[in-house]
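Here is a short report on one protein model. Look at the structure first, then read on.

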Amino acid sequence: MKTLRECVKEAEDKGVAIGHFNISNLEALHAIYNAAKKLDVPVIIGVSEGEEKFVGREEAVALVKVIRERDNYPIYVNADHHYSFETVKATIDAGFDAVIIDGANLSFEENVKVTKECVNYARKVSSETSRDILVEAELGYIGSGSNIKDTIPEGAGIKTDPEEARKFVELTGIDMLAPSVGSIHGLIKSGKPHIDTELVKKIRQTAGVPLVLHGGSGLRDEDFTNGVKAGISIVHINTEIRVAYVEGLKKSLADKPEEVAPYKVTEPAEKAVEKIVENRLKLFNMMK
Ligand SMILES: [Zn+2]
């Protein structure tokens, strides 16, 4: 089985990106896996601190691992946006393949300090086991929360400086970087700004590590393809699949008010998520 690091390298060589999709439940996991398998592409399952609390930390690892081992399929689990060394450590201990320490709200120095602590711990565990844990960090604030927003949140969207990105990677030793290059977390009713592809290129060059695009929901198709061509190796989608799930569920409940089998009630919601994921994966993998 390939490691996630090898998959990211392969994606970069091919000029495509790996899709990262969050789950809160089993339906979403199945929907994401079914879509990825259909297209035969690697995929990353994300759980944020809130999602992890709901799904269960060890449960999330077990669910993804059982699919990977049973089907010999490149599916990985990432601790999306964890805000302290303690929560990152807990996910590493539980068996996550990758972690994100989000210190975007901290000062540069504090962000470096906590990120470095996470990198050191991931390296220690990786060297003591047969794992290869990837650490991603954030530089530049792009808002938070996978929800629907009226406008771009205050302070979000200040773009990452390529020289600062170089310094940050050098000081922390991270494996991947999530820069601020135009996208914003969540869906924005008034529309999203374009991805600054020139900046993506520059940061990829100066930082020297693969780049991750957060806040993918609601971006235009060409922003994804241009962003990937410019040097994005992983794209995060969450809000779009949350919306698809809830809309699918509402419709299902309205259409069949007498249905009480949960797996039948949620089936249309799962299908709706699968469709979104399939379309996004086609785009990230430059498939027609
Ligand atoms: Zn994110």
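## The largest pocket

The largest pocket holds about 360 Å³ of space. A pocket is an open set of points on a 1 Å grid over the protein atoms alone, where a 1.4 Å probe fits, with protein on both sides within 12 Å along at least five of seven lines. Its volume is the space filled by probe spheres set on the points, which are joined across faces, edges and corners.

Lining residues have an atom within 4 Å of a point. There are 30 of them, and D80, H81, G145, S146 and H185 are the closest to the centre. Helix 3 (49-55) gives the largest share, three residues. Helices (H or I, at least four residues) and strands (E, at least two) are DSSP runs, numbered from the N terminus. The lining divides into five nonpolar, 19 polar and six charged residues. Here Ala, Val, Leu, Ile, Met, Phe, Trp, Tyr, Cys and Pro count as nonpolar, Asp, Glu, Lys and Arg as charged, and the others, Gly among them, as polar.

## About the model

The model is predicted: local features need pLDDT of at least 70, side-chain atom pairs count only at pLDDT 80 or more, and totals for chains, interfaces and linings use all residues. Residues are numbered from 1 along each chain as its sequence is written, and side-chain values use heavy atoms, without hydrogens or water.

## Strand 5

Why is strand 5 largely enclosed by the rest of the structure? Six of its six residues (134-139) are buried. Buried means under 20% relative accessible area (1.4 Å probe, protein chains only). L134, E136 and E138 cover one side, with V135, A137 and L139 on the other.

Strand 5 pairs in the parallel sense with strand 4 (98-101) over four bridges. Two strands pair if DSSP finds at least two bridges between them. V135 is the bridge partner of V99. Four bridges also join strand 5 to strand 7 (176-179), again parallel. There, E138 stands opposite A178.

Methods: Buried < 20%, exposed > 50% of the residue type's maximum accessible area, 1.4 Å probe, protein only.
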